[in-house]
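Here is my note on the structure, point by point. Please keep the sequence and the model open as you read.

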Amino acid sequence: MSKLSVIAGKSSEDIAKRLSKKMKANFVKSQVRVFEDGESKITLSGKISKGKSIVVQSIYPPVDTNLIQALSLISKAKETSSEVIAVIPYMGYARQDREFLPGEIITMKVLGKLFKGAGASKIIAVDIHSMMGFRHFTIKTENVSAIPELVRFVKKLSLKDPFVVSPDQGGKERAKEFARELGSEYITLEKKRDRKTGKVQIKTKNLDEVANRDLILVDDMISTGGSIVKATQFLKKQKCKKVYVACTHALLMNNAEEKIRKAGVTKIISTNTIPGKTSIVDISNIIVKAIS
Ligand code: R5P
């Protein structure tokens, strides 16, 4: 039996399978039954190694259900393995990393305690919303970037002289890295979000640079699609050509995809941290690199 087990949470079974193949590890599958009242019942099939276990479980909707399943798997793995690494490809709650309005609870602080309490010695996430979230954790953390993999895909589209755009200032470093890998220029828009209603507005005025160019809007995640829709509407007014969207985590809640397409986006490219129609880029290789 290998000294390494990969335990697949239901939300990341495909990534876990790829990891266990690439790392020649024991694959441990979980069968999950969610009862009418919302409780999860997890049954594992396969042997957990005494050495190291890697639990793989993204925390996308239903967020709290996927979170409790991740914690349960870590806790179970720790009963046998001396070391448990939690790979959380999409780290839900990462946007709750600071007190924006008085009285708000920093849920990332709570998650830090829960992962530690369950028995994880390290957390690996892919493009966490901001590193601020991990500052609340007292166990080891690592964030890996999916940008090289996304860029590799975008290069295959053979766009002529594309221009990278971040929908907000917070995404500046991401857009810079993307543009560097792609060998293009980048620009950041100024976005304002109403902290109470969640509505977004683009504050940037005119932008001559984007006229007649194909653009790649780069973001860490799409949730309601509000940021991408507003940015695309603005960029179309500036007479750009096609707009492509490259993001790591495509939650695409409700009719977000339709709204984005209606705004004029040609293609959404995302990774398999969240499985779905747009998740065409695999991130398992970058996780293997981080673990090895
Ligand atoms: C915000 O800072 C993030 O980077 C994303 O732009 C945002 O969370 C996307 O959310 P939505 O799709 O709801 O606008």
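Into which domains is the protein divided? The points below start there.

1. **Domains.** Keep in mind that this is a predicted model. The protein is divided into domain 1, made of 4–145 + 283–291, and domain 2, made of 147–272. Note how domain 1 is written: two stretches of the chain belong to it. The C-alpha centres of domain 1 and domain 2 are 28 Å apart.

2. **The contact between the domains.** Domain 1 puts 17 residues into the contact, and domain 2 puts in 16 residues. About 1,400 Å² is buried between domain 1 and domain 2. Carbon and sulfur atoms give 58% of that area.

3. **Polar links across the interface.** How many salt bridges does the rule find across the interface of domain 1 and domain 2? The count is zero. Polar contacts do turn up: seven residue pairs make them across this interface, with both residues at pLDDT 80 or more.

4. **The domain 1 side.** Two elements, α1 (13–22) and α8 (284–291), each give two or more residues to the side of domain 1 that touches domain 2. With three residues, α1 gives the most. By type, the residues on this side are ten nonpolar, three polar and four charged.

5. **The ligand.** There are 14 residues around the ligand. Which of them come nearest? They are D219, D220, T224, G225 and S227. Look at the side chains next. D219 has a polar side-chain atom 2.6 Å from an oxygen atom of the ligand. For D220, a polar side-chain atom also lies 2.6 Å from a ligand oxygen atom. S227 gives 2.6 Å as well, again from a polar side-chain atom to an oxygen atom of the ligand.

6. **Salt bridges in the whole structure.** A search of the whole structure finds 18 salt bridges.

7. **A cis peptide bond.** Check the bond from P61 to P62. This peptide bond is cis, and its omega is near 0°. Where is P62? P62 lies in the loop between β4 (52–56) and α2 (63–80).

8. **A positive phi.** Check L252 too. Its phi is near 45°, a positive value in a residue other than glycine. L252 is placed in the loop between β13 (243–250) and α7 (256–263).

Notes
Residues are numbered from 1 along each chain as its sequence is written. This is a predicted model: local features need pLDDT of at least 70, side-chain atom pairs count only at pLDDT 80 or more; totals for chains, interfaces and linings use all residues. Side-chain values use heavy atoms; hydrogens and water are left out. Domain bounds come from an automatic or database domain assignment. Contact means heavy atoms within 4.5 Å. Buried area is the accessible area (1.4 Å probe) that two parts lose on being put together, summed over both. A salt bridge is a side-chain nitrogen of Lys or Arg within 4 Å of a carboxyl oxygen of Asp or Glu. A polar contact is a pair of N or O atoms within 3.5 Å; within protein, one must be able to donate a hydrogen and the other to accept it, and residues adjacent in sequence count only if both atoms are side-chain atoms. Helices (H or I, at least four residues) and strands (E, at least two) are DSSP runs, numbered from the N terminus. Ala, Val, Leu, Ile, Met, Phe, Trp, Tyr, Cys and Pro count as nonpolar, Asp, Glu, Lys and Arg as charged, and the others, Gly among them, as polar. A residue is near a molecule or strand if one of its heavy atoms lies within 4 Å of it.
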